[in-house]
Amino acid sequence: MRTAAIVIILCWVGHGQTVYGQDEDRIDFDRQIQPIFTMNCALSGCHLGPGAAASQDLSEGQAYDALVEVASRSTLGFTRVIPGNPEESLLVRKMEGDDGVGLPMPPNGMIVAKQFADLVRLWIAQGALRDPRPTAVTPIVWSGVKARRQ
């Protein structure tokens, strides 16, 4: 009886999850997106460190939290990255030089290669995930299971 209950719980917890390796075309933020920011944005005088432009530090270990679901401080009314919605994400609009969102990024006529902008767009469209490799089983907080059982 106890074994059957554990199997049922594991099946329920894993429902809807993918196993690593089944979703290989997902964009990996740390391996594919962060290097774009490191090469083009996280530079002295731009988006690097505590004094970063628009308080947007795009250096390794900081960029994700500075972008995803964060309201822009310089372009009011916009969100930097809206998971699943690249068209409304300020980051994409600035990288593509759209009108009405302030200076394109990077400034000074520098251009991010189209394939990099397209990769950022695809990453956002896929949900702007940090780690694209979901586990087969989501961790369970056992105290919550016990409380529901009583």
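Leaving aside neighbours within four places in sequence, Ala117 is in contact with Met95 and Val112, where contact means heavy atoms within 4.5 Å. Ala117 belongs to helix α5; helices here are DSSP runs (H or I, at least four residues), numbered from the N terminus. With a relative accessible area of 8%, Ala117 is buried, a term that stands for under 20% relative accessible area, as exposed does for over 50% and partly exposed for values in between (1.4 Å probe, protein chains only). Val92 lies 25 residues from Ala117 in sequence, and the C-alpha to C-alpha separation of the two is 7.0 Å.

The model is predicted: local features need pLDDT of at least 70 and side-chain atom pairs count only at pLDDT 80 or more, whereas totals for chains, interfaces and linings use all residues. Residues are numbered from 1 along each chain as its sequence is written, and side-chain values use heavy atoms, with hydrogens and water left out.

A nonpolar core is a set of buried Ala, Val, Leu, Ile, Met, Phe, Trp, Tyr and Cys residues joined through side-chain atoms within 4.5 Å. The largest such core has 21 residues, and those with the most contacts inside it are Ile33, Phe37, Val81, Leu91, Val120 and Trp123. Two or more residues of this core come from each of α2, α3 (63-67), α4 and α5 (114-125). Val120 touches Ile33, Ile36, Leu91, Val92 and Met95, if residues up to four places away in sequence are not counted.

Attention now turns to charged side chains. A salt bridge is a side-chain nitrogen of Lys or Arg within 4 Å of a carboxyl oxygen of Asp or Glu, and by this rule the count comes to six. One of them joins Arg121 and Glu96 at 3.0 Å, N to O. Arg121 counts as partly exposed at 22% relative accessibility, and Glu96 is partly exposed with a relative accessible area of 35%.

A further salt bridge brings together the side chains of Lys114 and Asp118 (2.9 Å, N to O). Because Lys114 and Asp118 are four residues apart in helix α5, about one helical turn separates them. Lys114 is exposed, with a relative accessible area of 60%, while Asp118 counts as partly exposed at 32%. Salt bridges that share partners join Glu87, Glu96 and Arg121 into one network. Asp98 and Arg93 also meet through their side chains in a salt bridge (3.4 Å, N to O); Asp98 is partly exposed at 31% relative accessible area, but Arg93 is buried at 17%.

Of its 28 lining residues, the closest to the centre are His47, Gln56, Lys94, Met105 and Pro107. On a 1 Å grid over the protein atoms alone, a pocket is an open set of points where a 1.4 Å probe fits, with protein on both sides within 12 Å along at least five of seven lines, and lining residues have an atom within 4 Å of a point.
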